[in-house]
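Q: Let's go through this model and ask what stands behind each label. Ready when you are.

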Amino acid sequence: NLNIGRNRLFEWLRDNNYLLSHDKHKNEPYQKYVDNGWFVVREYTYNTAYGEQIGTKTYVTGKGQMGIIEKLRKDFI
């Protein structure tokens, strides 16, 4: 029953210091939340005109989903 979309969710995660805010397109979590099991960061490679590049993708774990939902309920309900 939370009325929040993707963009507002990521903004909230950055504003509440779950994700680093220096680059809003990367969405990298703070290390303490990776260590707590809320997020997993995976590296991947992709090809560009300049050669192979390495990128990262952040995934929210089940534990992270439950924790974030509880925090969101406190702020939005």
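A: Helices (H or I, at least four residues) and strands (E, at least two) are DSSP runs, numbered from the N terminus. By that numbering, Asn17 sits in the loop between helix 1 and helix 2 (31-35). Keep in mind that this is a predicted model: local features need pLDDT of at least 70, side-chain atom pairs count only at pLDDT 80 or more, and totals for chains, interfaces and linings use all residues. Residues are numbered from 1 along each chain as its sequence is written, and side-chain values use heavy atoms, with hydrogens and water left out.

Q: What makes Asn17 stand out, although it is not a glycine?
A: Asn17 has a positive phi of about 60°, and this residue comes just after helix 1. Most residues other than glycine have a negative phi.

Q: Why is Asn17 called partly exposed?
A: Buried means under 20% relative accessible area, exposed over 50%, and partly exposed in between (1.4 Å probe, protein chains only). Asn17 has a relative accessible area of 44%, so the label is partly exposed.

Q: And Asn27, which label does that residue get, buried or exposed?
A: Asn27 has a relative accessible area of 16%, so it counts as buried. Asn27 is also in the loop between helix 1 and helix 2, and has a positive phi of about 55° without being a glycine.

Q: Why do Glu70 and Arg73 count as a salt bridge?
A: The term asks for a side-chain nitrogen of Lys or Arg within 4 Å of a carboxyl oxygen of Asp or Glu. For Glu70 and Arg73 the N to O distance is 3.1 Å, so the pair qualifies. Both lie in helix 3 (residues 62-76), three residues apart, about one turn of the helix. An α-helix has 3.6 residues a turn, so residues three or four places apart point the same way. Glu70, at 40% relative accessibility, is partly exposed, and Arg73, at 43%, is partly exposed too.

Q: How many salt bridges are there in the structure?
A: Two. Glu28 also forms one with Lys26, with the closest N and O atoms 3.7 Å apart. Glu28 is partly exposed at 23% relative accessibility, and Lys26 is partly exposed at 45%.

Q: How do you know that the span of helix 3 is close to what is expected?
A: The expected span is 1.5 Å times one less than the number of residues. Helix 3 has 15 residues and reaches 21 Å from its first C-alpha to its last, close to the 21 Å expected.

Q: Which residues of helix 3 are buried?
A: Gly64, Gly67, Ile68 and Leu72. Seen down the axis of helix 3, its buried residues fall within an arc of 135° (taken from the directions from the helix axis to the C-beta atoms), so they line one face of the helix. On the other side of helix 3, Lys63, Met66 and Lys74 are exposed.

Q: What covers the buried residues of helix 3?
A: The cover includes helix 1 (6-15), strand 1 (39-48) and strand 2 (51-60). Contact here means heavy atoms within 4.5 Å. From the helix 1 side, the buried residues are Trp12, Leu13 and Arg14, and they pack against helix 3.
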